[in-house]
Amino acid sequence: MGEREDLVDAAMTLLPPLLDAVDGLRRAGRRLHPPALAEAVAVAAPYRGPLGEALASFRAQEWPPELKPFRERLLDAAEAALEGHNALADCLTDPDQIRDAYRAVRSVSLASEALYPLAASLRPVSRFFLDEEHRDDDALLDALAAADPSRPDRGVLHADNERESRGGFSLYVPETYEPDGRGPAGWPLVIALHGGSGHGRDFLWMWLPAARAAGVILAGPTSQGRTWSLAGPDMDSRPLHRMIEQIADGWRIDRSRILVTGMSDGGSFALLSGLAPTVPGTHLAPISASFHPAIVDVAPPERLRGLPIYLTHGALDWMFPVHIARGAVEALRAAGADVEYREIADLSHTYPSEENARILHWFQGVPLAG
């Protein structure tokens, strides 16, 4: 019994600095901006040392064979997080600083993927995979804990979506999913499109805490090529159609509530394919995206009339300057779309995960806070 207690203590000693370190990387990623990169690195810096010390102590413990899967989950998550912190700390000495920093914070997805299966048994991990608004929602945490973790049709699933592959998708189905539940028409579906050179298996984790709190099905597809079909032949719309139908075959989705959102190139493709429309979204939410007024001219007028669009952009965006978003708002509103515009003063060209809850409130018809 004493040995087991020591192992539990070792795990619980690692868990708080691990969760803090992943959150620290996430916060640093939110603040990435080329002129202020050192400030973003400083946000994460306090969490690096405590994680390294706790990980060293954790590695020194001997674990019985039956507990090794649990140990490996924690170990994989901690090593991914520490690797991200080390790479972020080193990026200031590299010539291509901002791209190295972007790559470093992608460790959040690797650590999250390793940690997530422990949410069913560890309440602090379950709390971690909720957005800030719901982390102290005991009723929600109790409902998630009561769900059967052995159900193969719930949780995080992958369809031909290994990180070295293209064209597959990852899926989150709420632990509380029941075919006759959620709403009269079924469960809302969010389709989240990654940015250029990204991957759906990674981008899923940017949305999962908010989706898990709101009780929506979340899909993270991966583009056929290195990015979405913004020029040349459209290779992505048909696979996205097939993905929606595949999801609808396995789960009861509400076809009146399909949100297509995305970051950067993913946001641009969400808008382009949603206006055409070559992807059947009922709501569009492009984030930090590019836009050309000509796509309004080629979109069917009846499609634009009253179409709900939530457009988010950063005032500091260095890749797609904010005047692009302001022009998009004017053109879309003039064409009859119902546009909600959020311009975030301290946002550069990075992902504002705190905006996900607001987008889901809007998507589900819940009044937005100020």
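Let us begin with His33, which lies in the loop between H1 and helix H2 (37-59); helices here are DSSP runs of H or I with at least four residues, numbered from the N terminus. The model is predicted, so local features need pLDDT of at least 70 and side-chain atom pairs count only at pLDDT 80 or more, while totals for chains, interfaces and linings use all residues. Residues are numbered from 1 along each chain as its sequence is written, and side-chain values use heavy atoms, with hydrogens and water left out.

Is His33 buried or exposed? His33 counts as buried because its relative accessibility is 15%; buried means under 20% relative accessible area, exposed over 50%, and partly exposed in between, with a 1.4 Å probe and protein chains only. Setting aside residues up to four places away in sequence, His33 touches Ile98, Leu316, Trp318 and Ser348, where contact means heavy atoms within 4.5 Å.

The largest nonpolar core has 67 residues, a core being a set of buried Ala, Val, Leu, Ile, Met, Phe, Trp, Tyr and Cys residues joined through side-chain atoms within 4.5 Å. Helix H1 (residues 2-30) supplies the largest share of this core, 10 residues. Among the residues with the most contacts inside the core are Leu18, Trp207 and Leu218. Beyond its neighbours within four places in sequence, Leu218 is in contact with residues including Ser170, Tyr172, Val190 and Trp207. A second, separate core of 42 residues includes Ala159, Phe269, Leu311 and Val329.

Thank you for your attention.

Key: Helix = DSSP H or I, 4+ residues; strand = E, 2+ residues; numbered from the N terminus.
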